[in-house]
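Thanks for making time, everyone. I'd like to walk you through one structure today, so let's get it up on the screen.

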Amino acid sequence: MMAAAWRALWWRLLLLAPWGGSRAALPPPQDAEFTFLLPAGRRECFYQAAPGNGSMEAEYQVIGGAGLDIDFSLESPTGVLLINEYRKSDGVHTIEPTEAGDYKLCFDNSFSTISEKLVFFELIFDSPQEDEDGDNWSEVVEPEEMLDMKIEDIKESIETMKNRLERSIQMQTLLRAFEARDRNLQESNMSRVNFWSAINLGVLVVVAFLQVYMLKSLFEDKRQVRT
């Protein structure tokens with residue numbers, strides 16, 4: 001519980017920290033995921049800084065709560081409403097190219113007056129500036145020092161392997177979210193089955209008692225015997 005609390009606090013500080021000064025000095029954002037509990041009748045927003053001319057993918061999923069649905073909206077740094085969805089259980093959206101600034105992601109559960117929602121979302125970034133160091137590194141090597149495989153081929157193979165590994169991690173995270181949602185749904189169904197089974201059992205006991213009582217009353221001799 002303490003580890004989860006510290007992890008949630010770290011992610012909130014990462015998303016909600018005010019960004020000041022020059023945007024060019026900021027390091028590229030890292031992929032991250034977050035799970036939080038949204039109370040009934042509440043709306044919660046997160047702010048995430050993004051570089052310009054990059055790519056941002058936002059995935060969300062409701063993994064707990066009645067109905068498994070929520071309202072979702074995404075605004076650009078200039079205040080333009082890019083995505084606005086109502087009563088959705090999950091969604092995947094890609095923004096490309098991105099604008100330099102803070103994107104606003106909002107989750108709204110104000111339509112629910114009783115049920116709270118457990119929401120999972122993940123942000124994936126892809127910046128075109130990541131390959132600059134690799135290009136400078138290739139200029140150091142002389143052409144005559146290259147072996148059978150060119151450096152460009154090695155770079156391409158490494159980049160392909162990196163992308164596949166990142167995609168595998170994203171798919172595993174998404175599968176864990178699906179598993180958590182299915183488990184919560186099964187536990188909710190099991191509690192309902194147990195509740196109605198107990199009610200049916202109580203009704204059967206009452207009906208059995210009434211039947212025995214009525215049968216017994218049919219065979220009772222209510223006539224008075226005079227002596």
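This is a predicted model: local features need pLDDT of at least 70, side-chain atom pairs count only at pLDDT 80 or more; totals for chains, interfaces and linings use all residues.

The secondary structure comes to three helices and eight strands. If you trace along from the N terminus, you go through α-β-β-β-β-β-β-β-β-α-α. There are 227 residues in the protein, and 28% of them count as buried. The protein exposes about 16,200 Å², with carbon and sulfur atoms supplying 58% of that. And if you take contacts between residues at least 6 apart in sequence, 77% of them join residues at least 24 apart.

Okay, the sheet. Here we have four strands making an open sheet, in the order S1-S8-S3-S6, with antiparallel pairing. At the edges sit strand S1, residues 32–38, and strand S6, residues 90–95, and each of those pairs on one side only. On average, neighbouring strands in this sheet are turned by 15° against each other, ignoring direction. Let me zoom in on S3 and S6: they run antiparallel and six bridges join them.

Is isoleucine 63 buried or exposed? Its relative accessible area is 6%, and the cut-off for buried is under 20%, so isoleucine 63 is buried. What is it in contact with, leaving aside neighbours within four places in sequence? The partners of isoleucine 63 are Thr35, Leu68, Leu118, Phe120, Ala177, Ala180, Arg181 and Asn184. Take asparagine 184 from that list: it is 121 residues from isoleucine 63 along the chain, yet their C-alpha atoms are separated by 7.2 Å.

The structure holds one disulfide, formed by cysteine 45 and cysteine 106, with the sulfur atoms 2.0 Å apart. This pair links distant parts of the chain: cysteine 45 is in strand S2, residues 43–50, and cysteine 106 is in strand S7, residues 101–108, 61 residues apart. Both cysteine 45 and cysteine 106 are buried. As for handedness, the torsion about the S-S bond is about 110°, so this disulfide is right-handed.

How values were computed
Residues are numbered from 1 along each chain as its sequence is written. Side-chain values use heavy atoms; hydrogens and water are left out. Buried means under 20% relative accessible area, exposed over 50%, partly exposed in between (1.4 Å probe, protein chains only). Contact means heavy atoms within 4.5 Å. Two strands pair if DSSP finds at least two bridges between them. Helices (H or I, at least four residues) and strands (E, at least two) are DSSP runs, numbered from the N terminus. Axes are lines fitted to C-alpha atoms, for helices over the stretch in contact, and angles run from 0 to 180 degrees between N-to-C directions. Accessible areas come from the Shrake-Rupley method with a 1.4 Å probe; for residues, only the protein chains shown count as cover. A disulfide is a pair of cysteine sulfur atoms within 2.5 Å.
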